[in-house]
Amino acid sequence: MPKTLDVLIGLATIMLCFSLGVTVVTQAAVSLSNRRGKCLLYGIERLLRQIWPDLGQDLTRRIAQFLLRHPLIATHENRLASVLQREEMVILLLEAAAGESSASLDPVAKGALCGVLAKSGIADPSAVLAEIRSTAQDLEKLRPELAASERRTMAILKVASGPFTAKLFGWFDQTIDRVTERFTAHAHVLSVVMAALITFIFQLDAIWIIQRLSSDDATRTAIVAQAQLLADQYRATEEKSAGNPPSQQQIAIATYDNLGLIQTPAQMPWREWLRGWGTWHRMAGGLLSVLLLSLGAPFWYNVLQNFVRFKSLLSGRDDEQRHSRQSLDRGDGADAKEADSGAMG
């Protein structure tokens, strides 16, 4: 049992080390591609088409882009916002129709927006905006404990209740749920791709690693010794200043390299390195590695912590049993001495 547990701890340690890399690269790719903003744009477009089917795909896209590129919503002028609250959406649409927005909506889209708002019972967006602001200000005086978003929502529902707000508020939360699901699916696909890339570069073979950990005591001991250090690094916020010592992840990868658990093109001619994937056994181990790495660093961190706690629990029980045996042995020895003394007397 202790050997099997050490093998599992060793495997979890290696998976945590490389899944940290998968997580970092995936997050960087998501950020650079503005994937959250694109998924939100997809959702806002469909929400606008649900509210106003007559707008058409082109106009809803232009309005949705206007909302997510607004300078008070987007973090950068060339990037789509990744967060939009429903009361913010109402206010921005009304401001765009009233011509009071700091960002300008193109004339065609603005005319179409004014038309659908008028059909929804908001013929004068400027007057509705003024009343919403006045109501929100009164609520702040009367209910200062309320959050600003709550006051705005209450003001909108009081002043601009009608088909527009009923449809928007009715569908907004469900739309954001679908946006979250879409983003999660995209991120998961990207993490699998990154896991495959890292597996391919390092020739990470989970089956062979398990066999090596099972048969080589020195390798197993070296990997298990890094388990808690790597887990601690996962929890800690890593400093970025130059001159810091190498992170535990870098040290771990260097150890795996020295032990021969991984191989990179930098270690040998690339043709010889590529032949490392030449067997079905290696390809099956690589596929298993991709699946394991795609589970993510949080998963492997929790698994590793559970294994380490279980090992500590077993070690504690072993110590208790050893102490009990020693106590019994001492008691038996004392009884034997007493018996010998009585016989001599």
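Q: What makes the pair T199 and A195 a polar contact?
A: In this predicted model, a polar atom of the T199 side chain lies 2.8 Å from the backbone oxygen of A195. A polar contact is a pair of N or O atoms within 3.5 Å; within protein, one must be able to donate a hydrogen and the other to accept it, and residues adjacent in sequence count only if both atoms are side-chain atoms.

Q: Which residues does T199 touch, beyond four places in sequence?
A: L204, W277, G286, S289, V290 and L293. A contact means heavy atoms within 4.5 Å.

Q: What makes L197, F200, I201, W270 and L274 a nonpolar patch?
A: Patches are made of residues with over 30% relative accessible area and no salt bridge: like charges are joined within 9 Å, nonpolar side chains (Val, Leu, Ile, Met, Phe, Trp, Tyr) within 5 Å. L274, in helix α13, has a relative accessible area of 37% and is partly exposed, so L274 passes the 30% limit. Together the five residues have about 470 Å² of accessible area, by the Shrake-Rupley method with a 1.4 Å probe, where for residues only the protein chains shown count as cover. Helix α8 gives the largest share, three residues.

Q: How do you know that D58 and R62 form a salt bridge?
A: A salt bridge is a side-chain nitrogen of Lys or Arg within 4 Å of a carboxyl oxygen of Asp or Glu. The N to O distance for D58 and R62 is 2.6 Å, so the pair qualifies. Both residues lie in helix α3 (residues 57-68), four residues apart, about one turn of the helix. R62 is partly exposed, at 26% relative accessibility.

Q: What parts does the salt bridge of R152 and E87 tie together?
A: Their side chains meet at 3.7 Å, N to O. R152 lies in helix α7 (residues 148-159) and E87 in helix α4 (residues 86-98), so the pair ties together parts that are 65 residues apart in sequence. E87 is buried at 5% relative accessibility, whereas R152 is partly exposed at 30%.

Q: Why do R212 and D216 fall into separate accessibility classes?
A: R212 has 18% relative accessibility and counts as buried, while D216, at 23%, counts as partly exposed. The two side chains meet in a salt bridge of 3.2 Å, N to O, one of 14 in the structure.

Q: Where is confidence lowest and highest among the helices?
A: pLDDT is the predictor's confidence in each residue, from 0 to 100. Helix α15 (residues 297-344) is lowest at a mean of 67, and helix α2 (residues 35-51) is highest at 95. Over residues 237-245, pLDDT stays under 50. Where pLDDT is low, the predicted coordinates should not be read in detail.

Q: What rules apply to numbering and selection?
A: Residues are numbered from 1 along each chain as its sequence is written, and side-chain values use heavy atoms, with hydrogens and water left out. Local features of this predicted model need pLDDT of at least 70 and side-chain atom pairs count only at pLDDT 80 or more, while totals for chains, interfaces and linings use all residues.

Definitions and conventions
Helix = DSSP H or I, 4+ residues; strand = E, 2+ residues; numbered from the N terminus. Buried < 20%, exposed > 50% of the residue type's maximum accessible area, 1.4 Å probe, protein only.
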